[in-house]
Amino acid sequence: MWGALGPVGDMPCLLTLQMECEAERRPLGVFECQLCALTAPYSYVGQQPPGTKSVVGLGHSAHWHHFLPCSLLEESYVMRDPFTPDKDRFLILGSRCSSCGRLVCVGPECSLFYSKRFCLPCVRENIDAFPQEIQQDLEKRKVPSKRPASQPGSRT
Amino acid sequence: MPPPRTREGRGPRDRPPAPSQEEDPEKWDWNCPETRRLFEDAFFGDEDYIRQGSEECQKFWTFFERLQRFQNLKTTRKEEKDSRRPKHSIPALADLPRAYDPRYRINLSVLGPDTRRSRGLGRRLAPERVSEFRQALLHYLDFGQKQAFGRLAKLQRERMALPIAQYGDRILQTLKEHQVVVVAGDTGCGKSTQVPQYLLAAGFSHVACTQPRRIACISLAKRVGFESLSQYGSQVGYQIRFESTRSAATKIVFLTVGLLLRQIQREPRLPQYQVLIVDEVHERHLHNDFLLGILRRLLPQRPDLKVILMSATINISLFSSYFGSAPVVQVPGRLFPITVVYQPQEAEPTTSKSEKLDPRPFLRVLEAIDNKYPPEERGDLLVFLSGMAEISAVLEAAQTYASHTQRWAVLPLHSALSVADQDKVFDVAPPGVRKCILSTNIAETSVTIDGIRFVVDSGKVKEMSYDPQAKLQRLQEFWISQASAEQRKGRAGRTGPGVCFRLYAESDYDAFAPYPVPEIRRVALDALVLQMKGMSVGDPRTFPFIEPPPPTSLETAILYLRDQGALDSSEALTPIGSLLAQLPVDVVIGKMLILGSMFHLAEPVLTIAAALSVQSPFTRGAQSNPECVAARRPLESDQGDPFTLFNVFNTWVQVKSERSRNSRRWCRHRGIEEHRLYEMANLRRQFKELLEDHGLLARAQASKPGDSYSRLRQRRERQALYQLKRQHEEGQGRRRKVLRLQEDQDGCSSDEDRGGTASQGANDNVDIQDVKFKLRHNLEQLQAAASSAQALTRDQMALLKLVLGRGLYPQLAIPDPFNSGRKDSDQIFHTETKQGAVLHPTCIFANSPEVLHTQEQEARGSDGSRDDKDKMSSKHQLLTFVSLLETNKPYLVNCVRIPALQSLLLFSRSLDTNGDCCRLVADGWLELQLVDSESAVRLLAASLRLRAHWESALDQQLAHQARWRLEDKDDEETAPVNRKEVAALSRELLQFTASKVSYSLRRLTGLEIQNLYVGPQTITAAPSLPGLFGCSTPSPHPTKGGYAVTDFLTYSCLTSDADLYSDCLRTFWTCPHCDLHMPFTPLERIAHESTCPEAPQDGPPGAEEAAPEPLQKASALQRPYHCEACQKDFLFTPTEVLRHRRQHV
Ligand SMILES: [Zn+2]
Ligand SMILES: [Zn+2]
């Protein structure tokens, strides 16, 4: 009754094994926010990052991993959480704006999530499409100290 | 339109169902532990993200409670159904949920509990509670994501805000075009942390970054690992003397300069690195200067190697021009404006003529700050003083002042403090209270403390300076340089505008030298020269140093190494020298280790060598605490300080293994800084590995298998220790503690310092040092060594003293003849170059000097005089010491008493005799008068034989070591030296040292030294004495006169009041062995004795067993040797092989 999916056969175990390998893998590339130029290496893109499982009650074969029965609601750029020694923790860096397609970080100055990811420029442009709570919330946020994306190397 | 794909959905099944019979929603209690456990069972299993009982689990429930409160406040939220909004034209916006729910703001979905594990849950918990719990978990995860991302973003913001951030590209670009780049920027510009990361980001993967200090290696590796988001990865590591976190995956390693030099010694072209960052070159440390010279030579051979020199903005052109005008990237620092106030100290009437520093000018600054700045305006004070004595003088006064005003927390900071005490300066002062940190120049560049607003600069620094003439190190006070003054000032402007009080005049400042004196110009260079010889960099006199050392220092170092037997007369490494050059230890310590391993005394010598290589573990001030003194007494050895340290270490190891947790208290009770003992243990282990690595010590067998039960137990214990260590590391990131004000004398203390007894968090009770110690060392092995040490026999002890004596030679001091009539504190000693040296107050002989006084002997010569000068005794003693340190007086540090006559006969580089050998002069400054000629000659002959024997045994060991290195270390089985031979040698040495001969001992006066020798003789009636002392025919000595018997012994060269022809006078003598009765001169008599066919090959008087004939053996060591390089065959001793092979290097 609780699980979204009923118990399944062996297949998901295979799945978790694959994820494990993914977790060990080198970074796939460097994520860079097109709004604030934040950069970080990412090791996974998708909705089921390493360390999570889409099925409840499995994964008992891999005792050294601690799976989170959860999944992401958007195609995200993900890295291993660098602030914890636990190898199975992940950190979502960002995703594409579902309106304009810009790659943006999850920082509150660049984007927000309301059932989908929207970059703040898009939200501001279409503010009336969002409920009042979002509008109020946006007013509270300070105007982002924009680092132009045209100068990606400004950091170095 | 479908709601967001939260798995939980908002379908009809989530509608609140009717409460089940058992569950009354009104009575539902989330705080009930049983309820919580039910949910934990379901959601937080062993395989789950959050584990039951973990810290994370606790955090979740805290979060849960907060969330509940928050949601209760918002229960009145209206269900807004705002359907007036038109459907949006952009598809992405068209299907947004109309009714707002915070859940839509979360980009995660959480599944239900594990149904297998939670069958009971379904029956017992209402679905809406489960839903509530899942909601909370969702928010919790989202919160965690936001928090972690916030940290990431903050980190990047901070990195981008650093002054150097604007220069990263330029540095990389310049490095592409040049082999060497100088990056100059002041503290706080971020160069040490950022440049390595720019290299990482640019794709470099073999980067080494050197630091002058070990502690910086660790902290930088941690910081850079954290900033480059690989805190828990392995791409950033460090390597220091005892620890390494380096692995195959490491891309950048922080290491000490000394360690890099060792790597160069092994692989001169440094093939393992692409880029080398040399940090803090402006500090001009000895090793850094040497490294620069090496690099300058290496760069043409390694065109692919890139070098970045990092420096403060001091004397940049020096470094740039040294590397052929290397380009400089200069980064401006980030400093707030600092007001400079000159407050020169007027010549005040000092209360006493004492050398104690007057604290009043410093107190006036404290007062001025109190008067001018309201306490709510935060900002701490940093005071630069020249040394520890000055710090304690000001500390005392400032604490008295602070106890009146309650506005200051006074803290000392210097390198002799324990790490924990040093750490206190980072603690936070309570509101309204400022920290007043009294520091040596350690806070100039090494330690950076935030929140400093005021700086007081005394303008003075105490530095070690080396006097090559007197061969002693002096701790002297100097004016600082302008560069240092600016560094000190800059400390006030790191977090905001600041004030710098200079306790000198502006004209003084103008007169300061622009830069500090580089280390190479003020320290002893023997270790450096030895290392240079070991690295075959050629003549140290012509090495292209960035600034050459003073020629006298170099000459003194070379002479010292020749004295120590590390260099031969052509300044090439001797076999023992080449071994010493490989050991990263002081020459004296290295010699002890080599000699000790030969006599199978490796275990005790390892401990003693380690003890002598770290700072004294005895805390200052404990000397005046009678309880500490009494508790220490049983550990003291009247043989000398090294043996006291030996006892301390061994007993500590016993305490650790018996009542494990008590060692901290054990140390505190005795006024012992435990940190130093940990250092000793580390060093001891490193020395042991060195000896094993160099074939001087058989590698310890892997620990005995034991029964399976004890193996299991051991493994469990180790696992538990690892667990403790991990927990400690996770809980790190030391929370800043709030300092407490208190009246007692030992300064401000943080709560942590209240000892193990005070209430502390469970985590703080773990003695992490103890855990690390037990993980790093095999305690059982150490304990075995310690308990065998306590059972050292008298003989072993005597041998140990010989080993120490030979290792420390020629560092000798003779007690002043009038010492027995002086107070304990007035005992003085004389070395060859320094008169009137005193003992360090912690020295055992400072408290019981009587063990050094010579007991009167019934023999002639004692006419009741109160002094020892002409006293005849068989028990005269000398002190051998580890170092001579001059502060306000010259101090002998770490002394051992040794028998004078025997030691001098065995060790001295020069022994001169008169005609009948009753008068001996050792090393040109110590005179020995023996009672009768016969025993004098016997002893002399015995010492010659023993020395030769010892030399040959040592040669064999070194040859074995050299062979062992060549043969790829495969004959680990063979003992270095024949055990039987060593046993025989040991026995003879012991007999020799036990010999009882009456003699007097005194230091020659300057005038006597000038007129010591008869000088070259015109009539050289060479005594034809075959086999005198077992040597070839003595030749006339060209300068001293007399006859050179060996390279150290010159016979009959001393002038004397006695008849000049006394040595030609023959008296009748009967040989006790062959009954030959003939008139003999003393020399002829000795000659006969040593060749008498009937004479047993005995040692000194009383020797019983025949000694092997080592002298003839020398040639027996020769073996055919084929040299691959010159394709010739030779007959060589192992030493000669080494010497020969060196020609081809
Ligand atoms: Zn962004
Ligand atoms: Zn957009």
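In this predicted model, A:Cys119 has a relative accessible area of 0% and is therefore buried, a class that takes in residues under 20%. A:Cys97, at 3% relative accessibility, counts as buried too. Because A:Cys97 lies in the loop between strand E6 (90-96) and strand E7 (103-105) of chain A, while A:Cys119 lies in strand E9 (residues 117-119) of chain A, the pair ties together parts that are 22 residues apart in sequence.

For reference, the ideal angle for four tetrahedral donors at a metal is 109.5 degrees.

Turning to the aromatic residues, the structure holds 38 aromatic pairs over all chains. One of them joins A:Phe118 and A:Phe130, which form an edge-to-face pair with 5.1 Å from centre to centre and 90° between the planes. Since A:Phe118 lies in strand E9 of chain A and A:Phe130 in the loop between helix H2 (120-125) and helix H3 (132-140) of chain A, the pair ties together parts that are twelve residues apart in sequence. A:Phe118 and A:Phe130 are both buried.

In chain B, B:Trp652 and B:Phe773 form an aromatic pair that is edge-to-face, with a centre to centre distance of 5.1 Å and an angle of 65° between the planes. This pair links distant parts of the chain, as B:Trp652 lies in helix H24 (residues 641-658) of chain B and B:Phe773 in helix H28 (residues 768-776) of chain B, 121 residues apart. B:Trp652 and B:Phe773 are both buried. The ring of B:Phe773 also has the charged end of B:Lys656 sitting over it, 5.2 Å from the ring centre.

Another contact between a charge and a ring involves B:Arg947, whose charged end sits over the ring of B:Phe1048, 3.5 Å from its centre. Finally, one aromatic cluster is formed by B:Trp30, B:Phe39, B:Phe60, B:Trp61, B:Phe63, B:Phe64, B:Phe133, B:Tyr140 and B:Phe143.

Notes: Residues numbered from 1 in each chain as written. Chains lettered and ligands numbered in written order. Predicted model: local features only at pLDDT ≥ 70, side-chain atom pairs only at ≥ 80, totals over all residues. Heavy atoms only, no water. Helix = DSSP H or I, 4+ residues; strand = E, 2+ residues; numbered from the N terminus. Buried < 20%, exposed > 50% of the residue type's maximum accessible area, 1.4 Å probe, protein only. Phe/Tyr/Trp six-rings, centres within 6.5 Å; stacked < 30°, edge-to-face > 60°. Lys NZ or Arg CZ within 6 Å of the ring centre and 35° of its normal.
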